[in-house]
Structure formats: structure tokens, C-alpha cells
Amino acid sequence: MKIQNPRSRAYKIFSIIVLVVLAILFLFPLYWIITGAFKPAVDIYNSKPVWWPTEWVTTNFQNLFKKRTAPLFSFFGLEGPVAPGAFRWLINSVFMAVMAMILTCITAAMAGYALAKKRFMGRALLFSLIVCAMALPKQVILIPLLKEMSALKLYDTLWAVIFPTVGWPFGVFLMKQFSEGIPGEILEATRIDGASEAKTFVTVVLPMVKPGIGALAIFTFINSWNDYFMQLVMLASGENYTISLGIATLQAETTIDKGLLMAGAALASIPIITVFLIFQKYFTQGITMGAVKG
Amino acid sequence: MAKQPQSKMSRALQRRENVAGYLFMLPSLIFFLGFVVIPMFICIGYSMTDATMHQKTATNFIFFENFITLFQDEVFLKGLWNTFIIVIVSVPAVCAFSLWVSSAIYKLNGPLLSAFRCIFYLPVVTGSVAVTVVWKWMYDNYTGILNSALTNMGILEKGINWLGDPKTALWCIILILFTTSVGQPIVLYVSALGNVDQTLVEAAQVDGATDLQVFWKVKWAQMMPTTLYILVITTINSFQCFALIQLLTQGGPNHATDTVMYYIYYTAFKLTEQAGHFGYANAMGVVLAIFIGLLSALQFKLAKEK
């Protein structure tokens, strides 16, 4: 064991102090959202900041829910009971993120396996196309996408947000990284046993890339939930808004009622933060595997 | 990993691989080609037309006219300049900050490490809309916590109109962008630091290297691929900075926070004169993509030389 000199110990203590201060600063906006959402109007409009609500009230949420109403869902003409618009936005966000997640995981797992383990013609070309596309800012193709979606009659539906998310090649890249780790001998053995390609994929490949799928699922869910730009461009009517878009519109309407906005921000962020905290282990793994390996 | 050389594969086997490979690729390819690659080509095509949102007049092919106008457009040039400032300030800041934080936390015990990692990742997860909404309040001229905290501490004499002043507005945006950008690099650096070859570190220590020398000469050198990846993703993220601007300042005051990304959106959907110059906006998109491509290539080249 190396003996620590006093200077490096002093540095260690210093760095811990700085870290704690930074952590507090990074947590502060979230703290401010949550306390702000429950503050009464007197606290909100006070020119001196109120660090802790003088009284915890739900007025802000009540105002938020009163603001708009919409059917809880509408599915092929089937409409749900009328509920606060914010609930509909939440349901839309969940639907959008879950669909994007499922479709991305299925398509990316299959494609990643093919790119990693199948020696088909054009594989190298296809893979370099995927890597290049990953560096492209999504917003650049926004206008053509918009035209495409109106031509497909998908404009102002959640699918217009979901499909481009699924097409985004990051998932394929990530799953290729995970699939590289499958030993070729195992695949060879299953082939000799006479298993079909589909059966090999389901019974051998999928269980082995499960951690990758977990990482991709949580990654896609969070990204799709927070992809404000795409939602802003593709969704037009209030009923199809996602929670992010809904809160953004509220902000454009009322800049003064901060309590209402904080309630909205809390509603938009708490669910996604909860999901993140539950699955954060997979998440970290996904980010790391997505980075250049070798 | 030992793989069968291509030449040994029989033709039938190769055909089998082709069919299976493309069948597995098919679902993904439909989405990738349909919603990424094809729009990319349409974008390039559109950039050479005078297409507008409302097609009252026929669309004409005007070659590079859009690009020529673009580089004479003062607002675009201002946006390009602002975008560059954002990139030049935030990319090194994010890199240095996340490197320091990671080196300070990667040896901590498990729960503490993941707690810190989570906290720095939180602004990303919170989502740009919620983050912007709360920052807008914190920056507020009258009820914002920033002004009252700074005046109370005696740093400021009277409150600053943070977002309304062309001198401070861009820096306010950069600060928020910074807090929402460091999460991923920290995760990456922590894992890279954990993977550093310990034998090399020990060898250097035996040779009498100081901690600082070990860090720069051994660890930093080994983390180069990670740094490169972080540089590229942070650059792309900074270029794409949009939600913050659209929700906080809408490019104002007096174009002080206009970026290329915001100007594309503005031209396509908000410009009222002739409503939605799609062709022009697409030309900007093409220019932006070229810039990002060049910058990424440059970073790759620099990193390789080192």
C-alpha cells in the first residue's frame, strides 16, 4: 500500500467538498420544480425566494387539470371519458415512448445480430452508412420528414414521432456491439443441430443479448419521451400533444403563473425520472457499450 | 475470434447468409431507409429549390442560389457565429468538467458512485422542456432566485435581466446546455477510468511518477478513444441546441441567441413574409450537416495524430 502524503489527502477532501456543492447545484432545478409545484401563490409571487413552501398546496395541479379537457384516449374512433388534458398528454407520451421502445428493440436486435454475425454481401457498406447517419443531426431531415408524414397521412399522429425514432440507427449500432460477443461456436452448433434461422435467433441469440435489449429499451424510452423537437414539428392538435409539448405550450400562454408551470414540469419529469432510477443500471451499461469499442 | 475465411464458404452457404442477413435486416431497414436515408436525399434535393410551405406557385429548381443567399444573410451568419461560440465554449468545458468529476468519483464505493453519476445525469433525464421551464423562472428578472441570491450575497447591486440582455442571454443558454450535457460524458469517463490497464499504472508508479504524471501520461493516453467519442457527441449536441432557445429566448434579444438550428425552424415554420421557405431552410440544414461532418472528421484526425 502506498502511503498517502498530506497534499493528496488535502486534495481529496477538497474534491469531495466541491463534488457535494456541485451535486447540490445540479439537484437544485429539480428541487425548485417540485417545491414550486406545491407552493401557494403568495410564495410564488414573493420577490424574495421562498426556499421551502410555507404551506403545501395542490392548487397548482388543480389549475393545471382545469385548464384543458380531452377524451382520455381515442383509438380507432373509440373515445375515452373526458378527463383533464394533462392526463391525455401523459397517456400520449407513454404510448409514444412504449411503442418506440418496442419497435426499436425488435428491429435493432434483429439487425444488430445480422450485422455482427451474418457475412452477407453489402454488410460493410450498410454498416458505414449507419455510422455516418448517427452523426447527422436529426433536425436536418425535419422538413422532408414532415412532407413524407403528410403524404403518408401520418402528420399530427403519434406515429409521425414514433417511426423516425425507430429509424434512428443508434439502436442497431448498440445491438451490433452486444451481438459481437456471441460465440460463433454456439451458433454453429445450433445450425448443425438443424435449427432454423428464426429458431436460432429466438432461442440462442435473444437470451444472450438480453442486457443489450434492456439498455436499448430504457435508452429509447427516455430519449423518445424527451424528444421535444420532433414532437413540436409533427404534432399539431392539442389532443395529440405529448406532456413535454403540452407544458411548452402552457409556458407560451402563461409566463406569469410559475406555480402552474412547475406543476406541469413536475408532471412531465417525475414519471421519466422514476423510470430512469429504476432501470439506471441498464442505462449506464447501454451508454458505455454504445461508445467506440476499439 | 476465429472466423471462417470468406473464400472457404461454399456458394450455397454464402447465398444462405445473404438471404438470412437481409431478412434479419429488413424490418430495421424499412424504418432506416424510409425515415432517415430517403429524407436525407430529399433534403439535399429540396435545398436547391424555392419550395415553400404553401405551394401556391410552382417549385423551381434554382441550383445553388439558396446557398449564395445564405452566406449573405446576416441573420444566418449571426446564427452561425452564435452556434460556433456555443460549440467552442461548451465542448471543452463539458469535456474538462466531466473528466475532473469522473476522476474524483470513480474510486468511490458503489452506491456513492452511482449516486453521483445519477445526480449529474438527472438534468438530461428531466427533459429539456421541464429544465427550461424551471430555469426560466430562476433567471426571471423579478421573481428569479438567481437575482435575489446574488444581490443578497452582495455580488450584484441590482438584478440583471439575464435573458433580456444581449450580453448575457447566450451565456445563460450555454450554462443550461452545460448542465444537460455532462451526464453522458461522466458515465463514459467513469467506465473508461475503471478499464485503464493497472499494470501500466503500477509500472509508472514504480518508476517514480507522481499521481499527476500517471494521470496524464498513462490514463489520459489510454482514454483517447473515449475522449474522441465524447468530443463528437458533445459537438453534435451543442450544434443541435434548440429547445432551450425556442423556449427561452426565441433567438432574441436582437438575434443574440439565434443559432442555425433555431433559424432553420424559424425559416421553415415561423417566417411570416412568405410563410415557410422550405427550400431555404433545407439549404441551411445541408450546410449544418456539412459543418458537423467536417468538425467530426477534424476531431478524428487530431485524435489519431496524437
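Reader: Which helix gives the most to the lining of the largest cavity?

Author: The model is predicted. Helices that give two or more residues to this lining are H1 (6-37) of chain A, and H4 (110-126) and H5 (128-139) of chain B. The one that gives the most, with five residues, is H1(A).

Reader: How many cavities of 30 Å³ or more are there, and what is the volume of the largest?

Author: Rolling a probe the size of a water molecule over the atoms shows where empty space is left. A search of the whole structure finds six cavities of 30 Å³ or more.

Reader: How do the residues of the lining of the largest cavity divide into nonpolar, polar and charged?

Author: Chain A contributes Leu25(A), Phe26(A), Pro29(A), Leu30(A) and Ile33(A) to the lining. From chain B come residues including Leu122(B), Trp135(B), Thr126(B) and Thr179(B). The division is 10 nonpolar, two polar and no charged.

Reader: Which residue has its backbone oxygen 2.6 Å from a polar atom of the side chain of Thr126(B)?

Author: A polar contact needs N or O atoms within 3.5 Å. A polar atom of the Thr126(B) side chain lies 2.6 Å from a backbone oxygen, and that oxygen belongs to Leu122(B).

Reader: Lys153(A) and Asp156(A) are in the loop between H6 and H7 of chain A. Which of them is buried and which is exposed?

Author: Neither residue is a glycine, yet Lys153(A) has a positive phi of about 60° and Asp156(A) has one of about 65°. Exposed means over 50% relative accessible area, and buried means under 20%. Lys153(A) has 71% relative accessibility, so it counts as exposed. Asp156(A) has 17%, so it counts as buried.

Reader: Why is helix H13 of chain B largely enclosed by the rest of the structure?

Author: Helix H13 of chain B covers residues 260-270. Among its buried residues are Val260(B), Met261(B), Tyr262(B), Ile264(B) and Ala268(B). The helix is largely enclosed because the buried residues number eight of the 11.

Methods. Residues are numbered from 1 along each chain as its sequence is written. Chains are lettered from A and ligands numbered from 1 in the order in which they are written. This is a predicted model: local features need pLDDT of at least 70, side-chain atom pairs count only at pLDDT 80 or more; totals for chains, interfaces and linings use all residues. Side-chain values use heavy atoms; hydrogens and water are left out. On a 1 Å grid over the protein atoms alone, a cavity is a set of points where a 1.4 Å probe fits but cannot get out, and a pocket is an open set with protein on both sides within 12 Å along at least five of seven lines; lining residues have an atom within 4 Å of a point. Grid points are joined across faces, edges and corners, and a volume is the space filled by probe spheres set on the points. Helices (H or I, at least four residues) and strands (E, at least two) are DSSP runs, numbered from the N terminus. Ala, Val, Leu, Ile, Met, Phe, Trp, Tyr, Cys and Pro count as nonpolar, Asp, Glu, Lys and Arg as charged, and the others, Gly among them, as polar. Buried means under 20% relative accessible area, exposed over 50%, partly exposed in between (1.4 Å probe, protein chains only). A polar contact is a pair of N or O atoms within 3.5 Å; within protein, one must be able to donate a hydrogen and the other to accept it, and residues adjacent in sequence count only if both atoms are side-chain atoms.
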